[in-house]
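Keep the sequence and the coordinates side by side as you read.

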Amino acid sequence: MADAKPSNVERISVPLDATPVSDELTKLTAILREICPSDANIGFEFDGKLHLNVQLRRFEDVTRLETALPSLCGGIFHDVRHGQVGRHSFLHRVSALVER
């Protein structure tokens, strides 16, 4: 009976609704929410590389976020920069490359 399987071995099941990428982005967003004002718009873009974009109303918040990003989450935010948001002169954008 070399083909007999032990009866105490259970199959490991992976949930069908597993969303590891979304889960990681949700965790990053929660960390960023702690240091951003409540009206900040936090988003991610992927074009072969993952980019963070945060839209802010006050320039003081831009400076604070630019200073904080490189040290957050073990230093995964690189190439931090800022600019204005398209046709919205009252909005500022802080962008960064996200790398592990």
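Is Cys73 buried, partly exposed or exposed? This is a predicted model, and everything below is computed from it. Cys73 is partly exposed, with a relative accessible area of 27%. Look for Cys73 in the loop between H2 and strand E3, which covers residues 77–85. Its backbone deserves a glance too. Phi of Cys73 is near 55°, a positive value in a residue other than glycine.

Cys36 is in no disulfide, and the nearest cysteine sulfur, that of Cys73, is 11 Å away. Seen from the other end, the closest cysteine sulfur to that of Cys73 belongs to Cys36, and 11 Å is too far for a bond. The cut-off for a disulfide is a sulfur pair within 2.5 Å. The surroundings of the two cysteines can be set side by side. Cys36 is buried, with a relative accessible area of 9%, whereas Cys73 is partly exposed at 27%.

Move on to the strand that follows the loop. Asp79 lies in strand E3. Asp79 has a positive phi of about 50°, although it is not a glycine. At 52% relative accessibility, Asp79 counts as exposed, because the exposed class begins over 50%.

Strand E1 spans residues 41–46 and runs antiparallel to E2, with six bridges joining them. Together, E1 and E2 form a hairpin with three residues between them. In that turn, Gly48 has a positive phi of about 105°. Phe46 stands opposite Leu50 in E2. How much of strand E2 is covered? E2 takes in residues 50–56, and six of its seven residues are buried.

Helix H2 comes next, at residues 59–68. Which residues of H2 are buried? They are Asp61, Val62 and Leu65. Viewed down the axis of H2, the buried residues fall within an arc of 105°, so they line one face of the helix. The face turned away from that buried side carries the exposed residues Glu60 and Thr67.

Turn to the largest pocket. Its volume is about 170 Å³. The lining consists of Val21, Glu24, Leu25, Leu28, Leu50, Ile76, Val98 and Arg100. Which element gives the most to this lining? Helix H1, residues 20–35, does, with four residues. Leu50 of the lining is the residue that stands opposite Phe46 in the strand pair.

Finish with Glu99. Where does Glu99 sit? Its place is in the segment after strand E4, which covers 88–98. Glu99 is partly exposed, with a relative accessible area of 37%.

How values were computed:
Residues numbered from 1 in each chain as written. Predicted model: local features only at pLDDT ≥ 70, side-chain atom pairs only at ≥ 80, totals over all residues. Heavy atoms only, no water. Buried < 20%, exposed > 50% of the residue type's maximum accessible area, 1.4 Å probe, protein only. Helix = DSSP H or I, 4+ residues; strand = E, 2+ residues; numbered from the N terminus. Pairing = 2+ DSSP bridges. 1 Å grid on protein atoms, 1.4 Å probe; cavity = no way out; pocket = protein on both sides within 12 Å on 5 of 7 lines; lining within 4 Å. Points joined across faces, edges and corners; volume = space filled by probe spheres on them. Arc of directions from axis to C-beta.
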